[in-house]
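Open the model in your viewer and keep the selection panel at hand. The stops below say what to select next and what is there.

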Amino acid sequence: MTASSSLTDIFSMAPQAGAAAMPQPSRRSFLKLSGSGLILGLAAPIPDLGGAAQAAAWPAGLATDPFVRIGPDNIVTVIIKHLDKGQGAATGLATLVAEELDAGWTQIRTEFAPSDPIIYKNFAFGVQGVGGSTGLANSYEQYRRAGATARAMILAAAAKEWGVKPSEIAITNGVVSIKSGKTATLGALADAAAKGPVPSDVTLKTPDQFVYIGKKFPRVDSAAKTNGTAKFTIDQQMEGMLVCVIARPPKFGATVASFYATAAEKSPGVVAILQVPQGVAVLAKDTWSAIRGRQALKVSWDESKAEKRSTADLVSEYRALLDKPGAVARKDGDAEAALAKAAKIVTADFEFPYLAHAPMEPLDCVVRYDGSSAEIWTGSQLQTVDHGTACSVLGLKPEAVQLHTVWAGGSFGRRAIADAHFVAEACAVAKAYGKPVPIKVIWTREDDIKGGYYRPIYVHRVRAGLDKDGNVIAWHHRIVGQSIMAGTPFEAMSVKNGIDATSVEGANTLPYAIPNLTVELHTMKVGIPVLWWRSVGATHNAHATEHMIDLLAKEAGQDPVAFRLSLLKDKPRHAGVLKLAADKAGWNTAPPPGTTRGVALHESFRSYVAQIAEVTLKPGGEFKVTRVVSAIDCGVAVNPDVVHAQMEGGIGYGLGAALRGAITLKGGEVEQANFDTYEPLRMSDMPAIESYIVPSAEAPTGVGEPGTPVVLPAVANALFRATGQRTLQLPMNKQKYQSGPLKA
Amino acid sequence: MSISVNINGEKRKLDAAPDTPLLWVLRDELGLTGTKYGCGAALCGACSVHLDGEVVRSCQIQAQDVEGRTVTTIEGADDKVAQAVKAAWNKLDVAQCGYCQSGQIMSAIGLLSQNAKPTNDDIDKAMDGNVCRCATYHRIRAAIHEAAKSV
């Protein structure tokens, strides 16, 4: 029995469920603008979410915003409903439209959609937003339909104009043609197409007809991100704009007791000092003046309700619970009874630290508020949540607040926040200032690293038993940690019977055939805000389970790949990626001299990833990861090169955390501040990476996150084989790895 | 007293206070927002620009230090090496979120201007100060080798 849902269930969809969950449009609407071509939108049935009240709250103008716009200038603009924070959502969604429209790739442009929880909702969430690697999965049919509908209307217009049947017309690479040699561009036919009826249904291509899907072609955003013109939130500049930084409490849960502003007010360029619920805001004419002004500010904090425990306190409280039964997340057979009969028992206790996301662009948000309406610009990942929060803080109706999504400089989970706290504080500042000028609130790197919303601390104990023949007969996994979802609006979705699915995902779905298996959870209450961090529960569960499998393989005297395959006989997709990675890495051949290989396998966000890491030990107990071979089964790879990019980057992100990532607390205060104390992965740490994709006709599943968690245990397993040392505490720089007599 | 500086081939007078970091002069006063803030402490390289042809972290250069000197930012980098680097970045689709890439590109131009055929070790040394949280390092390395072919 497994817990009924996981983050994957909530934020990702099974291919089949996805198709079923997607409402068939009960009506289709399109808008035509006089002389500006075809604008096509598919209006989802409004009563589907929120009912009449919701429909009334959302003006028709927003609800008919389109997905595809074809201009007389022959530019095809695809409206992107999801934030692109580097994962390639804009390229992916544009691909789907280009495919079914048969547009030329160079005529494609993208723009981010406005906030609209109906038209632009994520079918996996029911509201607008992206996360859990759902971006392409939930849009796969929707955006293809939008492209196919536009194509049908173009065909109808050409047929009428040329006096032929639509079936006699071809569209190739954006050129409409018939056998006689007559041709037209999409743009030339757009106005006529807009005058025709919108087809009630369209036929989508079969995979053998794909021109773009599954092929390599350029990202839509490379040029702007290579010449400095891509505009992020921090780059927004407007007439009269003020820049704001906020002094926030050094301990989580503290509040402003009093503050001395005189020196800060005299600091050059400072315009105002304002108390807001989040702290004390310094508004200035430019960024440097705001930062310098804040340095001159003196704030006394009321810490009576603040979290004051240190990391060591928390870990020791958590560890004490490893001896006590927790809430049951999965129970197959009787693990304790089987352990009592086991010939050998292997026990491992694991410890994982808090982790900051540290996207390169720190949090930021621009708000212009005039008392009766507001505009917001930010890299909004959960538009409906950010928009709703802004309305609430500003006391405005939804139609009075416009949210503009702009390119985001990374997220890794950090911009998808149930309490939309950085949008809330920017709105609080705008409201407190009360003048209709744009205000750009910027977090410095120190604000970011110290700002909480971390991947939670977790400790685990796994006990597993082998019989005399080396078969795994028992697995008992106890997990202790803080819930990401408890206390948020997502709680009802994720927390059931005391189990936050995101705490146990990947552990309670252990794929290996083990007859007696128990997974338990203790949920801790700590006053540190926590959040999903790229791959969420898998960030710790993949390491604990996959490192444990290697410890068991060794006890059983078996090869780690063969041992896994023997336990995956009814798991073809797990076995498929494992075999592909092993084959490509040359698992059965000798590694380069001085190098040791390790393997790991994990399913997350409905994708399957196996990785093989090669490590070399260095004098002094350090090591270098020289090569990682990765195999993913993510269903159809819409743009394989974007999938490879996500695997490369995901591996690097996971490896950075594995090597050095840790946020620690002393007396409740964060001890790290910037990239010297919270050290990111750097070029010299980056292994050579080879990424492979299992060919598949299944609907696409996640790629943004599944590459991240697997590298930790793959590296740990390589180090285990090289040194006999276990990796029980993360990050890995907590111990020295020495080759020599096995200590395991 | 205003500061005179050549920025991307144009003579400019700066109004900023003398101790203002060049990063914020470029971004807030001159609107050259391709140069990014990432750490404010020379730890991430997102703000890398060229000062008289050398790669520097603009968050650590004060406005008064650029008097009479030449600053090149991502917007103005267009010599042969810069063109090769930008073309390679495009060809290999290096960018993910893209936020750090201006700094990466300025550092890569600096490297290739000094060393037309860098090894992986040379790349590690020259690029280690430029953080990419999307970890596009794999492609940055490949793109530098790609650009080296046409430098």
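**Stop 1: a sheet in chain A**

Select E14(A) and strand E24 (residues 516-524) of chain A: the two pair in the antiparallel sense over five bridges. Two strands count as paired if DSSP finds at least two bridges between them. Helices (H or I, at least four residues) and strands (E, at least two) are DSSP runs, numbered from the N terminus. Within this pair, Arg330(A) has Val519(A) of E24(A) as its bridge partner.

Before going on, note that this is a predicted model, in which local features need pLDDT of at least 70 and side-chain atom pairs count only at pLDDT 80 or more, while totals for chains, interfaces and linings use all residues. Residues are numbered from 1 along each chain as its sequence is written, and chains are lettered from A and ligands numbered from 1 in the order in which they are written.

Now extend the selection to the open sheet of five strands, in the order E14-E24-E21-E20-E15 (chain A), with mixed pairing. Strand E14 (327-332) and strand E15 (344-352) of chain A are at the edges with a single partner strand each, so one side of each has no neighbour in the sheet. From one strand to the next the twist averages 10°.

Axes are lines fitted to C-alpha atoms, for helices over the stretch in contact, and angles run from 0 to 180 degrees between N-to-C directions. Helix H18 (residues 538-556) of chain A also packs on the sheet; this helix touches E15, E20 and E21 of chain A, and its direction makes about 25° with that of E20(A). Contact between two residues is defined by C-beta atoms, placed from the backbone, that lie within 7 Å.

**Stop 2: a covered strand**

Is strand E12 (residues 279-284) of chain A mostly covered or mostly uncovered? E12(A) is mostly covered, with six of its six residues buried. Buried means that 20 or more other C-beta atoms, placed from the backbone, lie within 10 Å of the residue's own.

Select its partners next. Strand E9 (residues 242-247) of chain A pairs with E12(A) in the antiparallel sense over five bridges, and Ala247(A) has Val280(A) as its bridge partner in E12(A). Strand E11 (residues 270-276) of chain A pairs with E12(A) in the antiparallel sense over six bridges. Ala272(A) is opposite Leu283(A) of E12(A), and a hairpin of two residues joins E11(A) to E12(A).

**Stop 3: two helices of chain A**

Select H21(A) and helix H22 (residues 711-723) of chain A, whose axes come within 8 Å and cross at roughly 55°. H21(A) and H22(A) are therefore oblique to each other; oblique angles are those left after under 35 degrees (roughly parallel), over 145 (roughly antiparallel) and 65 to 115 (roughly perpendicular). The contact is made by Ile651(A), Gly654(A), Leu655(A) and Ala658(A) of H21(A) with Val711(A), Leu712(A) and Val715(A) of H22(A).

**Stop 4: where the chains meet**

Show both chains: 47 residues of chain A are in contact with 43 residues of chain B. On the side of chain A that touches chain B, the elements giving two or more residues are helix H8 (222-226), helix H10 (287-295) and helix H21 (640-660) of chain A. H21(A) provides the largest share of that side, seven residues.

Technical notes: Buried ≥ 20, exposed ≤ 12 C-beta atoms within 10 Å, placed from the backbone.
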